[in-house]
Amino acid sequence: MDLATLQAAAPTPDTAMAFYDGLASVEVDFMLGRWRGEGLNTGHPMDGTLERFGWFGKEFVDAEQVHPLLFKVGQEGTRALNPGLMPMALALRYPSLNNRAVAAVFRVIQPLMTTRTPRARLRMVEYRGVKTAAMVYDQLAIIDVFRKVDDDTVLGVMDMRTMDQPFFFVLRRARV
């Protein structure tokens, strides 16, 4: 199975994890650059939330400087947001907040959440028996762990202590 087939199939978390487990690991240097993100819908409470709220993706400047949350500004711009200001627990507890009205309010308050300071780092970690590149958030108990789909695509798993199931997302290398 390839990624497009998996995405079209609306996989269960177990199916998505089996696909993820079959992918190759990636090195930290592979992740450097800017990446566009999209969720992989598996029935997770956060499915579609990032897209509805204007998520662009992530930027890995180097192993010590990572902007984990880039959001769209206008047609072409992006801004880095401070993940420590994101209401993750609220979003997980009340998935009904993933709606247009809340997204509109979020866009209005985004400038207050903007940061120039990198808010994560890249490290090699062992996850599910494979050593691979992962993004470790500075302020949150979250690690995003990556596996290689192809030279320009990775599948990520958000590993967060308080989540019952992992959140899956796809990153595609952005060409500048």
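The structure is a predicted model. It contains one cavity of 30 Å³ or more, and its largest pocket has a volume of about 330 Å³.

**The largest cavity**

- The largest cavity holds about 120 Å³ of space.
- Its lining is made up of 15 residues, and those nearest the centre are Leu50, Leu69, Met88, Tyr137 and Met158.
- Three strands each contribute at least two residues to this lining: S2 (55-62), S7 (142-150) and S9 (167-173).
- In terms of residue class, the lining of the largest cavity comprises 13 nonpolar and two charged residues, with no polar residues.

**The largest pocket**

- The volume of the largest pocket is about 330 Å³, and 17 residues line it.
- Thr49, Phe53, Pro87, Ala91 and Phe106 are the lining residues nearest the centre of the largest pocket.
- Two or more lining residues come from each of helix H3 (49-52), helix H4 (88-93) and helix H5.
- Helix H5 provides the largest share of the lining of the largest pocket, with four residues.
- The lining of the largest pocket includes 15 nonpolar and two polar residues, and no charged residues.

- Side chains of opposite charge can pair when their charged atoms come close.
- Lys58 and Asp144 form a salt bridge through their side chains, with an N to O distance of 3.0 Å.
- Because Asp144 belongs to strand S7 and Lys58 to strand S2, this pair ties together parts that are 86 residues apart in sequence.
- Asp144 is buried, since its relative accessible area is 0%.
- Lys58 also counts as buried, at 2% relative accessibility, the cut-off for burial being under 20%.

- Lys148 is partly exposed, with a relative accessibility of 27%, whereas Asp151 is exposed, at 51% relative accessible area.
- Asp152 pairs with Arg173 in a salt bridge whose closest N and O atoms are 3.2 Å apart.
- This pair links distant parts of the chain, 21 residues apart: Asp152 lies in the loop between S7 and strand S8 (153-160), and Arg173 lies in strand S9.
- Through salt bridges that share partners, Asp152, Arg173 and Arg175 are joined into one network.
- The relative accessibility of Asp152 is 29%, so Asp152 counts as partly exposed.

- Leu112 lies in helix H5, which spans residues 100-113.
- With a relative accessible area of 71%, Leu112 is exposed; the cut-off for exposed residues is over 50%.
- Pro111 also lies in helix H5, and its relative accessibility of 45% places it among the partly exposed residues.
- The C-alpha atoms of Pro111 and Arg79 are 8.4 Å apart in space, while the two residues are 32 apart in sequence.
- Helix H5 also supplies four residues to the lining of the largest pocket.

**Positive phi angles**

- Most residues other than glycine have a negative phi.
- Ala10, although not a glycine, has a positive phi of about 45°.
- Ala10 is located in the loop between helix H1 (3-8) and helix H2 (13-21), and it is exposed, with a relative accessible area of 56%.
- Arg128, likewise a residue other than glycine, has a positive phi near 55°.
- The position of Arg128 is in the loop between strand S5 (120-127) and strand S6 (130-137).
- Arg128 counts as partly exposed, with 46% relative accessibility.

Note on methods
Residues are numbered from 1 along each chain as its sequence is written. This is a predicted model: local features need pLDDT of at least 70, side-chain atom pairs count only at pLDDT 80 or more; totals for chains, interfaces and linings use all residues. Side-chain values use heavy atoms; hydrogens and water are left out. Buried means under 20% relative accessible area, exposed over 50%, partly exposed in between (1.4 Å probe, protein chains only). On a 1 Å grid over the protein atoms alone, a cavity is a set of points where a 1.4 Å probe fits but cannot get out, and a pocket is an open set with protein on both sides within 12 Å along at least five of seven lines; lining residues have an atom within 4 Å of a point. Grid points are joined across faces, edges and corners, and a volume is the space filled by probe spheres set on the points. Ala, Val, Leu, Ile, Met, Phe, Trp, Tyr, Cys and Pro count as nonpolar, Asp, Glu, Lys and Arg as charged, and the others, Gly among them, as polar. A salt bridge is a side-chain nitrogen of Lys or Arg within 4 Å of a carboxyl oxygen of Asp or Glu.
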